[in-house]
Amino acid sequence: MSGLRTSPIPARAAPPRVGGALAWVRRELFGSWVSALTTLALLAWALWALPGALDWLLWRAVWHNDAQACQAARGVGACWGVITEKHRLILFGRYPLEEQWRPLLATGLLLALVIASGMRRFWTRWLVIAWVLVWAVVFALMGGGVAGLSPVPTERWGGLPLTLMLTTLSIVLACPLAVLLALGRRSRMPAIRALCTVFIELVRGVPLISVLFMASFLFPLFLPVGATPDVLVRVLLGIALFASAYLAETVRAGLQSVPQGQLEAAHSIGLGWWQTQRLVVLPQALGAVVPGLMNSFISIFKDSSLITIVSLYELTGSLGLALSGDPEWRPFMVEGYLFITAIYFVVCAAMSRYSLWVEQRHARGQAR
């Protein structure tokens, strides 16, 4: 042992850094030869198409509301002057021009409420009170008839405020019903299980446009004269019932993912059926299907454009209303659709990013 010769171990190079933007590019865009070729092909196409697109979108575009200048630039540059000229009609529909501060304020309050509801720091009992108060103010602003505000019938509501109102209320009404339908379809009681199954399959077997048509035109035929609900209420219930059937299947998939051992453990500590579902099963089930739920929420937001068939002009319908009847600005429908496409994209992207955030928090909670 005394004659054993030792030498110091040579220093090793630091391991390569696996994080950062460069590592992401290598992994996601050049991870294989197929991925690399696809990336290079798309990059070449972008370099070819981007200059012409920017030229039409920005550099040669007409930004002021001059119809003659827009006509002269047709085929050469975009006419964003149509948005300058028609933005109020596109965003607020047929709502009285002099009263459009009311839907603007209502939209701001509704967006603030939805954003606050997505923040964990506001998840208290006061949030429920805030929902009631904000919605009371929103309906008072939109409908009028109180505090000196002139009445505005629901037929004249439209644009972005109507889209956000229908989407938010439909989701709020559909989610509890979807949970009950999902639990009912897994019930051991044959009557309840059959009833929930028939409702889900029946609603999922018809398109939303048929549901809206029946809710708007056929449903009033079965009611006494003078007892017909407002068209907005009928449309809202139709969308909520339709969405609940799809959400119920998503929730049922989450319920099936909960291990049986979780239920047995809950029963062993004396929890009843409702306590088990509320405290053990549903938190895990809903967390497991967050992407599917958000996908349905985004679909509800976009499907609200179908209400135009019952003469309610949400964002897409308001665009047609603003341009179709004006021969001077009608040729620039593409620019109008690009404008509302940007609005839809911003809202859908925000919902998608929030879904990813919730999913990551749920994954971290599961890891603990």
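Reply: In this predicted model, the largest nonpolar core comprises 83 residues, and the members that touch the most others are Val235, Leu255, Phe297, Ile307, Leu312, Leu315 and Trp329. Helix H7, covering residues 159–185, supplies the largest share of this core, with 13 residues.

Setting aside residues up to four places away in sequence, Val235 touches Leu166, Leu212, Ser216, Ile307, Val310 and Leu312. Among these partners, Ile307 and Leu312 are themselves listed with the core members that touch the most others.

Beyond its neighbours within four places in sequence, Ser244 is in contact with Ala174, Leu177, Ala178, Leu181 and Phe199.

An unreviewed UniProt entry assigns the feature "transmembrane region" to residues 30–50, 101–119, 126–150, 162–183, 195–219, 231–248 and 336–356. For the span 231–248, the model gives 100% helix and 0% strand, with the end C-alpha atoms 26 Å apart. For residues 30–50, the figures are 86% helix and 0% strand, and the end C-alpha atoms are separated by 22 Å.

Ser311 is not a glycine, yet its phi is positive, near 65°. Ser311 occupies the loop between helix H13 (290–303) and strand S1 (313–314). With a relative accessibility of 40%, Ser311 is classed as partly exposed. Ala147, likewise a residue other than glycine, has a positive phi of about 50°. Ala147 is found in the loop that lies between helix H6 (125–143) and H7. Its relative accessible area is 79%, so Ala147 counts as exposed, the threshold being over 50%.

As to confidence, the mean pLDDT of the protein is 87, and 93% of the residues score at least 70. Confidence is highest in helix H5 (residues 101–117), at a mean of 94, and lowest in helix H1 (residues 21–29), at 79.

Terms used: Residues are numbered from 1 along each chain as its sequence is written. This is a predicted model: local features need pLDDT of at least 70, side-chain atom pairs count only at pLDDT 80 or more; totals for chains, interfaces and linings use all residues. Side-chain values use heavy atoms; hydrogens and water are left out. A nonpolar core is a set of buried Ala, Val, Leu, Ile, Met, Phe, Trp, Tyr and Cys residues joined through side-chain atoms within 4.5 Å. Buried means under 20% relative accessible area, exposed over 50%, partly exposed in between (1.4 Å probe, protein chains only). Helices (H or I, at least four residues) and strands (E, at least two) are DSSP runs, numbered from the N terminus. Contact means heavy atoms within 4.5 Å. UniProt positions are given in the numbering used here, feature names are shortened, and annotations may be inferred rather than shown by experiment. pLDDT is the predictor's confidence in each residue, from 0 to 100.
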